[in-house]
Amino acid sequence: MSLFGAASPSNNQSAKSSPADVRRNNRQLIFSLLFPTNQYSRADLGRLTGLSRVAVSDVVSQMLDEGLLRETGQAPSGGKGKRGTLLSIDIDRLNIISLDLTQDHMLHGAVTNLLGQALRHAEITLGAGERVTLGMIGELIEKMMGMADGTVIGIGIASPGVVDGGVVKRSTWLDWHDMDLSTPLQERFGINVTVTNDATAAMLTERFFGQGDRNMIFVRIESGIGSAILINDTPVKGEMHAAGEIGHISIDLNGPECPCGKHGCLETMISDHVLRKQLIHADEQQKIQILDRAGQHLGQALSMPVGLLDMADVCVYGQPDIVNATFIDAAQQYLDASTSSTFHKHTVIRRCECGSDITVQGEAIAVLVHYLSQ
Ligand SMILES: [Zn+2]
C-alpha cells in the first residue's frame, strides 16, 4: 500500500475492475514510485511494478501528456541494449493552491508545484480576535488563481479539528461546527476542493520530505493541539473522522475547563498559548520546570497510543522555544518509564525539523493524492 493508493499492478482487466480502474491503479503505482524525486526509465518501472512494457508505456505516455511526468535525460548505459529515457515528476506544468487555516494572525496560502513546494505565497492578515471566514478563504483563493503560472489541478485547505470529506465537523480553535468548505468553493471555482485535518497534512510533509517512515504518530502543538497517525503508510481516520484528536483527551479530570465541555484536556494544559502565558512571568529555573512538566503531560497522553499501536516514532511539531530539548527529554523519559519493555522497543520522540511551509506543502500532497484517485 502506498499513500497514493495503488495496491498492486493491473496488467489485465479482471472481472471486477473496469479499464478505467486499471488505468487509475497503474497511474498511482507509477506516480508513487517516482514521487517525490526519483528517476526511473520505463524499463525500470516495468521491473519495479511487474507491469508489462505495453502497460507502462501507455500509462507513462498519458501521464506525460497530462503534465504529471517529464522526461529528464538518459539513464547511464548498462552494457548492452539501448539506454532508456529517465522519467521524473514534472514540477513545471501543474500547480496546486493550498491554504493553511492554523495560523494565529493570518490566513496563509501558497501556489505550489506537484511536490507541494511553495512557488508563491499569499496571505490575509487577521485583526485582533478575528477568525477566518469562508468569505476570506474565497478571497484568498481568487487572488492565488491569478498567481498560478500552470494549470491548477486542485485546491486544498488544511484545517484544525475534525474533518469529514469537505466539511469541518468541529473545530474548537476556529469555533466551527459543520462548516462545509468544499461545496461552495467548488461551485465558485469549478475545481475540486480537498479539506484535510492540519496534523494529517503536516504529517504527509514529514513522511516525504522529513524523517518520517511508514509508521508514526505526528503531534502539532500550537494554539490548539492535534495529532495524526500513520500506519503502514495509511493515515488513520477513525469511525467519526476524529482519530488523532489528542488535544481533547483529558489528562486531569480536575484540570482547567475546556471549551469542549470537559476538564483538563491536553489543549488546556500544554497548548502554545497556555504555556506562553505561564512562561512570560517565569524566571529561568521556572521556565525549565514549566516545559519539563508540559513534556511529561505529552508523554502521559502519548503512552497509551504508543504502547497500544507499537509505535517507534513520535514526531512533534511546534515553536522551537516551546518544543525544545527540555520538553522533548521530559516526554521521552515519561514514555521510556511507561512503555519500554523487553517486548516493546524503545520509542523515540523527536522534534519535527520541517519549516513553516509544512502545512501548505502537506495539503498540496493531499490534493495530489485525491487527484490521482479520480
Ligand atoms: Zn477539550
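**Conventions**

Helices (H or I, at least four residues) and strands (E, at least two) are DSSP runs, numbered from the N terminus. The structure is a predicted model, in which local features need pLDDT of at least 70 and side-chain atom pairs count only at pLDDT 80 or more, while totals for chains, interfaces and linings use all residues. Residues are numbered from 1 along each chain as its sequence is written, and side-chain values use heavy atoms, with hydrogens and water left out.

Strand β11 spans residues 193–197 and includes T194. The relative accessible area of T194 is 12%, so this residue is buried (buried means under 20% relative accessible area, exposed over 50%, partly exposed in between, with a 1.4 Å probe and protein chains only). When neighbours within four places in sequence are left aside, T194 is in contact with I155, G156, I157, E363, A366, V367 and H370 (contact means heavy atoms within 4.5 Å).

A325 belongs to helix α10, residues 325–339. With a relative accessible area of 52%, A325 is exposed. Between A325 and R70 there are 255 residues of separation in sequence and 43 Å in space, taken from C-alpha to C-alpha.

**The zinc site**

Four residues coordinate the zinc ion at 2.1 to 2.3 Å: H248 through ND1, and C258, C260 and C265 through SG. Donors are N, O and S atoms within 2.8 Å of the metal (3.2 Å for Na, K and Ca); water is not among the atoms, so sites may look incomplete. The arrangement is tetrahedral because the four donor atoms subtend angles of 100 to 122 degrees around the zinc ion; four donors count as tetrahedral if all angles lie between 85 and 135 degrees.

The sequence spacing of the donor residues is H-x9-C-x1-C-x4-C. H248 and C265 link distant parts of the chain: each is in the loop between β14 (234–235) and α7, and they are 17 residues apart. H248 is buried at 13% relative accessible area, and C265 is buried at 0%.

**Helix packing**

Two packed helices are described by the angle between their axes and the distance between the axes. For helix α4 (residues 134–145) and helix α5 (residues 182–189), the angle is about 35 degrees and the axes are 11 Å apart. Axes are lines fitted to C-alpha atoms, for helices over the stretch in contact, and angles run from 0 to 180 degrees between N-to-C directions. The crossing of α4 and α5 is right-handed; a crossing is left-handed if the near helix is turned anticlockwise from the far one by less than a right angle, and right-handed if clockwise. On α4 the contact involves L134, I137, G138, E139, I141, E142 and M145, and on α5 it involves P184, L185, R188 and F189.

Helix α8 (residues 272–279) has D272, L275 and L279 as its buried residues. They lie on the same side of α8 because they cover an arc of only 70 degrees around the axis, the arc being that of the directions from the helix axis to the C-beta atoms. These buried residues pack against β12 (216–221), α7 (266–270) and α9 (284–309).

**Backbone features in loops**

F35 and P36 are joined by a cis peptide bond with omega of about -5 degrees. P36 is located in the loop between α1 (19–34) and β1 (40–41).

N232, which is not a glycine, has a positive phi of about 50 degrees. This residue is in the loop between β13 (225–231) and β14 and is partly exposed, with a relative accessible area of 39%. D310, also a residue other than glycine, has a positive phi near 60 degrees. D310 is found in the loop between α9 and β15 (313–318) and is exposed, with a relative accessible area of 51%.

Conventions. Four donors count as tetrahedral if all angles lie between 85 and 135 degrees; four count as square planar and six as octahedral if opposite donors are over 155 degrees apart and all others between 65 and 115; anything else is irregular.
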